[in-house]
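Hi,

Here is the structure I promised to pass on. Have a look at it first, and then read my notes below.

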Amino acid sequence: MLAEIITIGDELLIGQVVDTNSAWMATQLNLAGIRVFQITSVSDEEQHILNALNEARQRADIILITGGLGPTKDDITKETLCKYFNTHLVFNEDAYKALEIIFQKFGREITPRNRTQAELPLSCTPIINHKGTASGMMFEEDSKIFISMPGVPFEMKAMMTNDVLPLLMKRFKMPFVMHKTILTQGIGESFLADKLVSFEDHLPKPFKLAYLPSAGMVRLRLTAAGEEGLIKRTMNELTIQLESLIADYIYGYGEESLESIIGKLLHDAHKTISTAESCSGGYLAHLITTVPGSSEYYMGSTITYSYQSKTDLLNVPMEILTQFGAVSEKVVIMMAKGALSCFKTDYSIATTGIAGPSGGTSDKPVGTVWVGVGTPSGVVTKKFQFGGDRERNIQMTAMNALSVLRKILLKDLK
């Protein structure tokens, strides 16, 4: 089965809002065995939407639409769908009851404008929204299925998960599809590909290997569709082969994150950690605290961006700073020790570097970063040389710092 995703909204086309809906929907459809053939974004303009619908039905069996279902004048999706399917809006009691529940929850009265949210095209099959005010709609025409959903991500995701995907799975017979994602860190995409040339050359059909690089990591995704038992057995065998080839770079699988893996290691060993950040500006602390329960092992952080704050908060001697500079091994060692002392933790991570885009020198160009990990037996340091993009340098610093810590914890906590 082929699907097409159409996202509606001027805000998407001017870059005011990033379209995260399409990526999430495509992932879920692919897992269900439905191939996404195209993703299209269109403006809040009737003819533009009509053209997109006409073109999509030529390419796909399932057309999924998000956006433009709000109560304001610029939300024209419902009216446009009425025109496309030659129907009209009618009041829907079930949609209105769902509206009442939402408004009662927040202690508000339904206004006449909000009441229009319960008006749906006569020829559609309503999909009641239990997370918001805009109901979804399903249309069927010429063996094609059109489903319109709200653009608010958490509303769309709930509707897709609870209603749309089950409906599609029931309606169509899907092939068994399996993905295996292997998470790697500490090696670039091209170097990883060089190590896996023979592995890729001998991949059995229908297996495919994809490289998905991002800041500080590369995800490898093995994918195949076919007979369930055979696919599962072969996937297991191929995963074992990959592990033997790149074991030093694999840190996890699937949706695991470095911070959650580290959190589990610290939790299981009853150990604590703190951070002292300069160039990463708190991003490292942010990642660590995204993990539920991190307060059990994460004791706190300092963001010491100036010489004076490094001295006042972490006891880095001013003479060390003036002699070697903030971006140096000597300073990152003192920062890591300062965090251990300040927060009384078993481990610490310190970062100092030149995030850019300015501030670099001939001996310390933009992207130069020192990471220090404080441990019960001393401080382990590592120097990195990233590129010139500030945001990427911050992300790379945090990811590589966590990777250094993970390897130390695996060794210490055996």
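Aromatic pairs first: there are six of them in the structure, which is a predicted model. One of them is Phe384 with Phe386, whose ring centres lie 5.5 Å apart with the planes at 15°, so the pair is stacked. Anything with planes under 30 degrees apart counts as stacked.

While you have the aromatics on screen, look for the cluster made up of Tyr84, Phe85, Phe139 and Phe146. Another ring worth a click is Tyr96: Arg115 lies over its face, 5.7 Å from the ring centre.

Now the sheet. It is open and has five strands, in the order E14-E13-E15-E16-E17, and the pairing is mixed. At the edges you'll find E14 (298–303) and E17 (378–385), each of which pairs on one side only. From one strand to the next, the twist averages 15°. E17 runs antiparallel to E16 (residues 368–375), and eight bridges join the two. Phe384, from the stacked pair, turns up here again: this residue of E17 stands opposite Val369.

Which helix packs on this sheet? That would be H16 (residues 390–412), which touches E13, E15 (347–353), E16 and E17. The direction of H16 makes about 150° with that of E15.

Last stop is Ser280, which sits in the loop between strand E13 (273–277) and helix H12 (283–289). What does its side chain pair up with? There is a polar contact of 2.5 Å between the side chains of Ser280 and Glu277. Leaving aside residues up to four places away in sequence, Ser280 touches Thr351, Ile394 and Thr397. Thr351 falls within E15 (347–353), while Ile394 and Thr397 fall within H16 (residues 390–412).

Cheers

Terms used:
Residues are numbered from 1 along each chain as its sequence is written. This is a predicted model: local features need pLDDT of at least 70, side-chain atom pairs count only at pLDDT 80 or more; totals for chains, interfaces and linings use all residues. Side-chain values use heavy atoms; hydrogens and water are left out. Helices (H or I, at least four residues) and strands (E, at least two) are DSSP runs, numbered from the N terminus. A polar contact is a pair of N or O atoms within 3.5 Å; within protein, one must be able to donate a hydrogen and the other to accept it, and residues adjacent in sequence count only if both atoms are side-chain atoms. Contact means heavy atoms within 4.5 Å. Rings of Phe, Tyr and Trp (its six-membered ring) pair if their centres lie within 6.5 Å; planes under 30 degrees apart count as stacked, over 60 as edge-to-face and the rest as tilted. A charge sits over a ring if NZ of Lys or CZ of Arg is within 6 Å of the ring centre and within 35 degrees of the ring normal. Two strands pair if DSSP finds at least two bridges between them. Axes are lines fitted to C-alpha atoms, for helices over the stretch in contact, and angles run from 0 to 180 degrees between N-to-C directions.
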